[in-house]
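Here is a short briefing on one protein chain. Load the structure and follow along by topic.

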Amino acid sequence: MGYLSNLKLLKDDMVAKGWSICDFLFCYKGIEYIVLVKRFVGAEKRIDPYALVKLHFLKYDNIQDSLEVEANCGGLLVDAKALREYFGITYSKNLGDILAQFSENLGNSIPKKMRDTLNISDKEKTALVYSLSKSDSEDPNKIYCTGLRRNPSGQVRSAYNADKTKLLRRGLYEKFANDKSISFCYSTDSAKEKGDAAICQAFSNK
């Protein structure tokens with residue numbers, strides 16, 4: 001099936017569990033990366049018609065240093081130069097072999113199922129929430145839940161808003177998981193954050 005054959009299984013697991021994003025860790029040449037796996041939902045648009053998912057590589061020690069590429073089971077859908085420059089792969093006559101080895105290493109790191117998000121590091125959670133906020137056209141620093149809002153008639157909460165709340169406020173999300181007409185509101189101000197009980201009470205009083 002190709003070097004990245006686990007991507008199909010991982011994507012199927014994400015769909016089954018209702019997630020638009022997940023992550024795994026990848027180490028190459030002594031550098032650790034957080035790799036976000038993003039499905040093509042909402043604002044995430046497919047460029048290559050053969051792309052299965054989008055992979056967003058972020059250096060663990062500096063998540064601002066990143067590379068986004070589309071991918072399928074056959075490999076990364078990106079030109080070799082961009083790959084070489086980001087991962088520090090030296091050009092050589094046997095570059096094809098080196099890139100094949102890189103893809104094999106990456107493929108060995110891709111899980112068949114997504115991990116429970118309770119078992120990921122704070123750095124991984126930060127990277128996931130940051131990506132979800134940007135995908136939802138939100139300020140990435142809006143991480144403090146302040147309340148609930150009823151969407152206009154016919155509109156439902158985004159997959160990104162749902163996943164962000166599963167990561168940050170799982171208990172609150174589960175209370176309203178089945179009512180997709182409700183979205184979760186966030187602020188950049190930690191002083192505005194409210195507990196589950198206060199949020200539920202304020203919503204029921206509306």
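Contact here means heavy atoms within 4.5 Å. The model is predicted. With that cut-off, and leaving aside neighbours within four places in sequence, Asp 163 is in contact with Gly 18, Trp 19, Ser 20, Ile 21 and Leu 132.

**Buried residues in helices**

- Asp 163 sits in helix H5, which spans residues 159-168.
- The relative accessible area of Asp 163 is 1%. Asp 163 is therefore buried, since the cut-off for that label is under 20%.
- Leu 10 belongs to helix H1, residues 6-17.
- Leu 10 has 0% relative accessibility, so it counts as buried.
- Leu 10 and Ile 110 are 100 residues apart along the chain. Their C-alpha atoms are separated by 8.0 Å.

- Strand S3 covers residues 53-59. Seven of its seven residues are buried, so the rest of the structure largely encloses it.
- Both faces of S3 are covered. One side carries Val 53, Leu 55, Phe 57 and Lys 59; the other carries Lys 54, His 56 and Leu 58.
- Strand S2, residues 31-38, runs antiparallel to S3 and is joined to it by six bridges.
- One such link pairs Ile 34 with Leu 58 of S3.
- Strand S4, residues 62-72, also pairs with S3 in the antiparallel sense, over seven bridges.
- Val 53 has Ala 71 of S4 as its bridge partner.
- S3 and S4 form a hairpin, with two residues between them.

**Leu 36 in strand S2**

- Leu 36 lies in S2. Its relative accessibility is 0%, so it counts as buried.
- Which residues does Leu 36 contact, leaving aside neighbours within four places in sequence? Ile 21, Cys 22 and Asp 23 are among them.
- Leu 36 and Leu 52 are 16 residues apart in sequence. C-alpha to C-alpha, they are 14 Å apart in space.

**Strands S6 and S7**

- Strand S6, residues 144-150, pairs with S7 in the antiparallel sense over six bridges.
- Arg 150 has Ile 182 of S7 as its bridge partner.
- Strand S7, residues 182-187, is mostly covered, with five of its six residues buried.

**Nonpolar cores**

- In soluble globular proteins, nonpolar side chains tend to be buried together.
- How many residues does the largest nonpolar core have? It has 46. Those with the most contacts inside it are Phe 26, Leu 55, Phe 57, Leu 76, Phe 87, Phe 102 and Leu 106.
- Another core, of 12 residues, lies apart from the largest one. Leu 172, Phe 176, Ile 182 and Phe 184 are among its members.
- Phe 102 touches Phe 26, Tyr 28, Leu 76, Leu 83, Phe 87 and Ile 89, not counting residues up to four places away in sequence.

**Cavities**

- Rolling a probe the size of a water molecule over the atoms shows where empty space is left.
- The structure holds two cavities of 30 Å³ or more.
- The largest cavity has about 60 Å³ of space. Its lining consists of Trp 19, Ile 21, Cys 22, Asp 23, Met 114, Arg 115, Thr 117, Ile 120, Leu 128 and Leu 167.
- Strand S1, residues 21-28, gives the most to that lining, with three residues.
- By class, the lining of the largest cavity has seven nonpolar residues, one polar and two charged.
- The second largest cavity has about 30 Å³ of space. It is lined by Ser 20, Ile 21, Lys 38, Glu 44, Ser 131, Leu 132, Ser 135 and Tyr 160.
- Helix H4, residues 122-135, supplies the largest share of this second lining, three residues.
- The lining of the second largest cavity divides into three nonpolar, three polar and two charged residues.

Note on methods
Residues numbered from 1 in each chain as written. Predicted model: local features only at pLDDT ≥ 70, side-chain atom pairs only at ≥ 80, totals over all residues. Heavy atoms only, no water. Helix = DSSP H or I, 4+ residues; strand = E, 2+ residues; numbered from the N terminus. Buried < 20%, exposed > 50% of the residue type's maximum accessible area, 1.4 Å probe, protein only. Pairing = 2+ DSSP bridges. 1 Å grid on protein atoms, 1.4 Å probe; cavity = no way out; pocket = protein on both sides within 12 Å on 5 of 7 lines; lining within 4 Å. Points joined across faces, edges and corners; volume = space filled by probe spheres on them. Nonpolar A, V, L, I, M, F, W, Y, C, P; charged D, E, K, R; others polar. Core = buried A, V, L, I, M, F, W, Y, C linked by side-chain atoms within 4.5 Å.
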